[in-house]
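Here is a short briefing on a protein chain. Look at the sequence and the 3D view first, then work through the points below.

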Amino acid sequence: MSTAATYELPESPAKKAKMTTMTVTPKEEGPVYGVDDDEDEIYNDGLHMMTAEEIDRYEEAVMRSDGFEVPEFPNVFAFGLITPIMNNISAKFRGKILKYARFAIDRHNEERAKEGARELRLDITGIVNCNAEVSCPVNYYITFEAKDLDMNELDQYEAMVVTRVRHDDDNVPIFRKKTKPTNPPVPTEHGPSDSNRAVGDPSNVCET
């Protein structure tokens, strides 16, 4: 009577990687920006976790601008980061951002009509800037130029558009005229970050 041979399979190298916990902000609350520094050595992919100085710069910019003006952080890997995307997207995706800007204006014009005001009209120059927060849904922080037909004035406006996978419940929690800057703008790093290039179309992350 023969017995079945047993084989011991070698442990997968992936299982040998050191498990680490996520590092939250110094306030011990809020969004998670990265994982422990040991991850940099494990993956050795040229990206790094946000430093304390980078986190401070980022949080100050978000608090001051509500996410509409944030610096780029080249070669940073982070979760839930609001990131400038205008330099890293195709013409096709620029059209998608323009569509979201029109969606925000249409929602705002519905409220203006209730008050008897005339509409805002998106200017032909269109989008000035756009930041994205990939979080399923994707939050877009769009700055654009529009003309107030009541005042016959062209101004910059800001709209936060929260998108859903099926887009039935897309909404606009922030819509406002952009305030004139009283402080120097947040400095940005030169060149797009590798983490931005990894997601050419942020909305694809959530598509099923």
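Are Tyr157 and Phe175 buried or exposed? Both are buried. Keep in mind that this model is predicted.

**Aromatic pairs**
- The count comes to eight aromatic pairs.
- One of them joins Phe93 and Tyr140, with ring centres 6.3 Å apart. Their planes meet at 50 degrees, so this pair is tilted.
- Phe93 sits in helix 3 (residues 91-114), while Tyr140 sits in strand 5 (residues 138-148). The pair links distant parts of the chain, 47 residues apart.
- Phe93 and Tyr140 are both buried.
- Tyr157 and Phe175 have ring centres 6.0 Å apart. Their planes are at 35 degrees, so this pair is tilted.
- Tyr157 belongs to strand 6 (residues 153-162) and Phe175 to strand 7 (residues 171-177), so the pair ties together parts 18 residues apart in sequence.

**A cluster and a charge**
- Phe93, Tyr100 and Tyr140 make up one aromatic cluster.
- Lys99 lies over the face of Tyr100, 5.0 Å from the ring centre.

**Glu133**
- Glu133 is part of strand 4 (residues 120-134).
- Glu133 is buried, yet it has no salt bridge. The nearest side chain of opposite charge is Arg164, 11 Å away.
- Which side chain makes a polar contact with the side chain of Glu133? It is that of Tyr141, at 2.9 Å.
- Leaving out residues up to four places away in sequence, Glu133 touches Gly80, Leu81, Ile82, Val138, Asn139 and Tyr141.

Definitions and conventions
Residues numbered from 1 in each chain as written. Predicted model: local features only at pLDDT ≥ 70, side-chain atom pairs only at ≥ 80, totals over all residues. Heavy atoms only, no water. Helix = DSSP H or I, 4+ residues; strand = E, 2+ residues; numbered from the N terminus. Buried < 20%, exposed > 50% of the residue type's maximum accessible area, 1.4 Å probe, protein only. Lys, Arg positive; Asp, Glu negative; His and termini not counted. Salt bridge = Lys/Arg side-chain N within 4 Å of Asp/Glu carboxyl O. Polar contact = N/O pair within 3.5 Å; in protein donor to acceptor, adjacent residues only side chain to side chain. Contact = heavy atoms within 4.5 Å. Phe/Tyr/Trp six-rings, centres within 6.5 Å; stacked < 30°, edge-to-face > 60°. Lys NZ or Arg CZ within 6 Å of the ring centre and 35° of its normal.
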